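Subject: Structure handover

Hello,

Here is the structure I promised to pass on. Please open it beside this email and follow along as you read.

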Amino acid sequence: MGNTVKFTYREALKQGIREALINDDTVFLMGEDVGRYGGAFAVSKGLFKEFGEERIMDVPLSESGFVGAGIGAALAGMKPIVEVMTVNFSMLAMDQIVNNAATLNHMSGGQLNVPVVIRMGCGIGRQLAAQHSHSWEPLYAHIPGLIVLSAGTHEDAKGMLLSALLNPDPVIIFEYTYMLNMEREIPADSGKVDINKAKIVREGQDISIITYGLGVYKCIEAANKLAEEGIDVEVIDLRVLRPLDEDTFLNSVRKTHRALIVEDAWRSVSISSEVSARIMEKAFFELDAPVERLCGIEVPIPYPLHLEEACVPSVVDIMNTTKKMTGL
Amino acid sequence: MIEFKMPNLGADMEDGTLVEWRMKPGDTVKRGDIIADVETQKGLIEIEVFDEGVIEKFMIKEGDKVPVGTVLALIQPIEDKRSELKKDPVSKPVDVKVHPIEEDLKGKPSDETTTPERVKISPLARKIAETNKIDLSRIKGTGQDGAITRQDVESAIERVKKTTDQPELPEEQRDKEKTPQGETIRSAIAAAMSKSNREIPHYYLSKKINMQHALDWMGAINKERPPQKRLLLAALLIKAIAHSLQKVPELNATWENGLRLKSYINIGFVIALRGGGILIPAIQRADEKSVDEIMEALNDIIPRAKAMKLRSSELSESTITVTSLGEGGADEVFGMIYPPQVAIIGFGSIVEQPFAENGMMGIRPVISATLAGDHRATDGLSGSLFLTALSKCLQKPEEL
C-alpha cells in the first residue's frame with residue numbers, strides 16, 4: 001500500500017468539493033447555509049473564505065427554488081453542486097428533480113443535458129428524529145434519467161463528486177450524516193472513482209453480502225468478526241444504485257451461492273427488493289439457500305437512541321443472519 | 001403433452017405408492033399398456049396408459065406415495081411429435097396437486113395428511129443432483145429448515161461413487177416391499193363400507209328366480225365341452241344382469257352430486273380373497289360380450305385377483321356390483337352399495353324349493369336375487385323392474 005492519509009468522512013467530502021472547485025471554473029456549490037455558516041454539517045467550512053460568494057452560494061430556504069435554479073444553471077452550461085441538507089427535505093424539490101432534471105434530455109430529443117450534481121445527507125444521524133433521519137435512496141433509484149450514487153466509503157465520499165461532475169446527466173449523491181466524524185485511511189492520491197460499477201470491498205467464498213451506504217462498514221466489520229469464526233464473507237458495495245451494476249453481484253452469487261442484502265432503508269420496495277429480484281431472475285439455479293434481507297424497520301425513525309439503533313440492521317444482526325444462512 | 005396422472009382406483013383411494021415403473025422415458029406406449037405398478041390400499045395394481053405416445057419424462061420416483069391426480073409421467077402424443085418445438089409453456093411439468101375426488105371419505109380434512117411433502121432443496125443442489133442423477137429421497141438435508149444443500153448432494157455423490165458396484169437393494173427385499181398387507185385391504189373396505197352406510201339410504205328388494213331352465217341350458221352346453229371350457233353360473237348371471245340393465249339404465253350409474261348414467265356397463269364382481277377381504281374387479285362392457293366371452297374374462301380375472309395382480313382399470317371402472325355367495329352358502333345376501341355406484345345385486349345359493357308354476361307345484365332350483373338401491377338415485381320401482389327383467393331373461397338363457 002502506498003501513502004495513506006487519515007480523514008474523517010466530512011473531510012473527505014470537503015476535499016472532493018474543493019478539488020472540483022479548483023479543477024473547473026464552471027463548478028460552484030449552492031445550498032442552505034453552505035457559505036457563511038460553513039454548512040449545516042460543516043462540510044463546506046472554510047470554502048466560502050477561499051472561493052468567495054459567487055462559487056459558494058447561500059440560498060433561501062426553498063428546496064424547489066434552489067434545486068430548480070441549479071438545474072437551470074446546468075442547462076446554461078455551468079456545473080452546479082447543489083447541496084440539499086438532508087434527503088428528507090428533498091421531497092420539496094421532487095418535482096424539479098423528477099419532472100425536470102430527469103426528463104429534459106428525453107423531452108428535448110437529446111438536445112439538452114442537465115449536468116447537475118445534487119448532494120444529499122442521508123440516513124440516521126445521531127438522534128435527529130424522523131424528519132431528518134430517513135433513508136430514501138430507493139425513491140430516487142426508481143427514476144429513469146437519474147444516476148444515483150451512494151458514498152458508503154471515504155474514498156467514494158471524496159471521489160464520487162469528482163466523477164459525477166464529468167457526467168452530462170443529473171447525478172444524485174447520497175452522503176451519510178452518521179459517518180461524518182468517522183475516520184478512515186484512504187490513499188493520499190485518491191481522486192476520481194468509477195461511477196458505473198459496484199465494488200467487492202472484501203473478498204470471500206461462503207456468502208455474498210450485498211449492501212450500500214451505511215451498510216458497507218457494518219458489513220465489513222461483521223465479515224471480519226465472522227472470519228475469526230471461519231466464515232469467509234464477500235462484501236459488495238453497490239455504490240451505483242441506478243443504474244444497478246448487476247454483473248458484479250450476480251457473479252459473486254455464482255461464486256458463493258448465498259446472498260444476504262443489507263440496507264438501512266425500509267424493506268418494502270427497496271434496493272434490496274430489486275437486488276433480490278434480479279438474483280431470482282438471473283441466478284436462481286446458483287442459489288444454495290434462499291436470499292435473505294436485513295433492512296430498516298418500517299417505522300418513522302424514532303428519537304431515543306436505543307430505538308433508533310433498533311431500527312436499522314446492526315453488526316450483530318448481520319453476523320447472526322450470516323451464520324444461520326451458512327449453517328456454520 | 002399428455003399428463004399421465006395417478007388414477008383413482010376406487011372411491012376409497014386417496015393416494016398410491018408407485019412401486020415400479022414398467023417402462024422408461026423414450027418408450028412408446030399405446031392404450032392398455034402397463035406402465036407401472038402402484039400399491040394402493042387394495043393391493044398391488046398394474047396401471048394402464050390410456051393414450052398413445054412416447055414417454056417424455058417420469059415426474060415421480062419409484063417409492064413415492066402421491067395423492068390421486070398427481071402427474072406421474074408426461075407422454076408426448078404421437079401426432080404431436082412433429083410440433084414439439086412449440087411446446088406450450090403453461091403445460092410444463094409443474095407439481096400440480098389435484099385433490100382426491102373423495103377427500104372427505106374419512107371425514108377428515110385430508111389436505112395436510114395426504115399431500116406428500118415437497119422436497120426442500122436449494123436450486124443449486126437440485127441442479128447438481130439432476131446432473132448426477134442423485135435420488136433426492138435418500139438425502140437428508142442439513143440446510144435451513146432441513147433443506148438439502150449443495151454440500152448434502154455432493155456428499156451423496158461421494159457415497160454413491162463408493163457403492164456403485166453394490167446392488168441397491170436385494171431382490172427379495174424389494175419383493176417384500178411390494179406385498180400388500182391384509183390390513184390395508186381391510187381398512188379400505190372399512191372406509192368404503194362406512195361411507196356407504198353413512199351416506200347412502202339403501203332400499204332392498206328381493207325376487208326368487210326359477211333357475212331350472214338356466215341350469216338345464218348350461219348343463220347341455222357344458223356336456224359338450226372339455227372342463228376348461230365349461231361355463232360357470234356366474235358368467236350367465238353377469239350376462240343376464242348386463243342385459244337387464246339395458247332396460248333399467250338408471251341403476252347403471254353413479255351418484256356424485258346427482259345421478260350420472262354410465263354409457264357402458266362394467267360389472268364389478270366380488271371376489272373373496274383367501275387371506276380375508278375382497279376385491280371387486282370389473283368385467284368390462286359385459287353387455288357387448290357373449291356368455292363365453294364373459295366366462296373367459298372370469299377365467300382370466302379370478303386367479304389374478306386372488307394373486308392380487310389386477311390392472312388399474314379392472315379395479316376402478318365398474319359401474320355396478322354383483323355379489324354371489326355360491327353354492328352351499330346363505331340363502332340370501334343384501335349387499336352394501338359400493339360408492340359412488342347406486343346399486344348392488346346379490347345372489348344367494350341355489351336351493352331346491354317347492355315352486356308353483358302354471359298352476360302346478362314342483363321342486364325347482366331357486367335362487368334368491370336381491371337388489372340394494374340408492375334411494376337418492378332411484379326408487380323401488382326401478383329395482384323391481386330390474387329384478388323382473390333379470391328373472392325373465394334367466395328363463396330364456398339361450399337368447400342371451
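One term first. A residue counts as buried if 20 or more other C-beta atoms lie within 10 Å of its own. Keep that in mind below. Also note that this is a predicted model.

**A covered strand in chain A**

Start with strand β4 of chain A, residues 79-84. How many of its residues are buried? The count is 6 of 6, so the strand is mostly covered. Both faces of β4(A) are covered. On one side sit Lys79(A), Ile81(A) and Glu83(A).

Now look at the partners of β4(A). Strands of a sheet pair through backbone hydrogen bonds, either parallel or antiparallel. Strand β2 of chain A (residues 27-31) runs parallel to β4(A), and 5 bridges join them. Find Gly31(A): its bridge partner in β4(A) is Glu83(A). Strand β5 of chain A (residues 117-122) is also parallel to β4(A), with 4 bridges. There, Val82(A) stands opposite Ile118(A).

**An open sheet in chain A**

Next, find the open sheet of 5 strands in chain A. What is the strand order? It reads β9-β11-β10-β13-β14, and the pairing is mixed. β9 (199-202) and β14 of chain A stand at the edges. Each has a single partner strand, so one side of each is left without a neighbour in the sheet. From one strand to the next, the twist averages 25 degrees.

β9(A) and β11(A) are antiparallel and share 3 bridges. Arg202(A) stands opposite Val235(A) in β11(A).

Two helices lie across strands of this sheet. α8(A) lies across β9, β10, β11 and β13 of chain A. Its angle to β11(A) is about 170 degrees. Helix α9 of chain A (residues 246-256) also lies across β9, β10, β11 and β13. Its angle to β10(A) is about 160 degrees.

**A helix with a buried face**

Helix α12 of chain A covers residues 315-326. At 1.5 Å a residue, its 12 residues should span 16 Å. The end C-alpha atoms are 16 Å apart, which agrees. Which residues of α12(A) are buried? They are Ile318(A), Thr322(A), Met325(A) and Thr326(A). Seen down the axis of α12(A), the buried residues fall within an arc of 85 degrees, so they line one face of the helix. After α12(A) comes Gly327(A), with a positive phi near 65 degrees.

**Chain B**

Chain B has 10 helices and 20 strands. Of its 400 residues, 38% are buried. Take the contacts in chain B between residues at least 6 apart in sequence: 65% of them join residues at least 24 apart.

Chain B also holds an open sheet of 5 strands, ordered β7-β2-β4-β5-β16, with mixed pairing. The edge strands are β7 (65-67) and β16 (310-311), and each pairs on one side only. Inside this sheet, β4 (residues 34-40) and β5 (residues 43-48) of chain B are antiparallel over 6 bridges. Ala36(B) has Ile47(B) as its bridge partner in β5(B).

Then go to strand β17 of chain B, residues 320-324. With 5 of its 5 residues buried, β17(B) is largely enclosed by the rest of the structure. Ile320(B), Val322(B) and Ser324(B) point one way. Thr321(B) and Thr323(B) point the other way. Strand β12 of chain B (residues 267-269) runs parallel to β17(B), joined by 3 bridges. One pair here is Ile267(B) with Ile320(B). Strand β18 of chain B (residues 343-347) is parallel to β17(B) as well, over 4 bridges. Thr323(B) has Gly346(B) as its bridge partner in β18(B).

**Where the chains touch**

Last, the contact. It takes 10 residues from chain B and 9 residues from chain A. Which element gives the largest share of the chain B side? Helix α2 of chain B (residues 123-131) does, with 4 residues. By class, the chain B side has 3 nonpolar, 5 polar and 2 charged residues.

Best wishes

Terms used. Residues are numbered from 1 along each chain as its sequence is written. Chains are lettered from A and ligands numbered from 1 in the order in which they are written. This is a predicted model: local features need pLDDT of at least 70, side-chain atom pairs count only at pLDDT 80 or more; totals for chains, interfaces and linings use all residues. Two strands pair if DSSP finds at least two bridges between them. The expected span of a helix is 1.5 Å times one less than its number of residues. A residue is buried if 20 or more other C-beta atoms lie within 10 Å of its own, exposed if 12 or fewer, and partly exposed in between; C-beta atoms are placed from the backbone. The arc is that of the directions from the helix axis to the C-beta atoms. Two residues are in contact if their C-beta atoms, placed from the backbone, lie within 7 Å. Ala, Val, Leu, Ile, Met, Phe, Trp, Tyr, Cys and Pro count as nonpolar, Asp, Glu, Lys and Arg as charged, and the others, Gly among them, as polar. Axes are lines fitted to C-alpha atoms, for helices over the stretch in contact, and angles run from 0 to 180 degrees between N-to-C directions.
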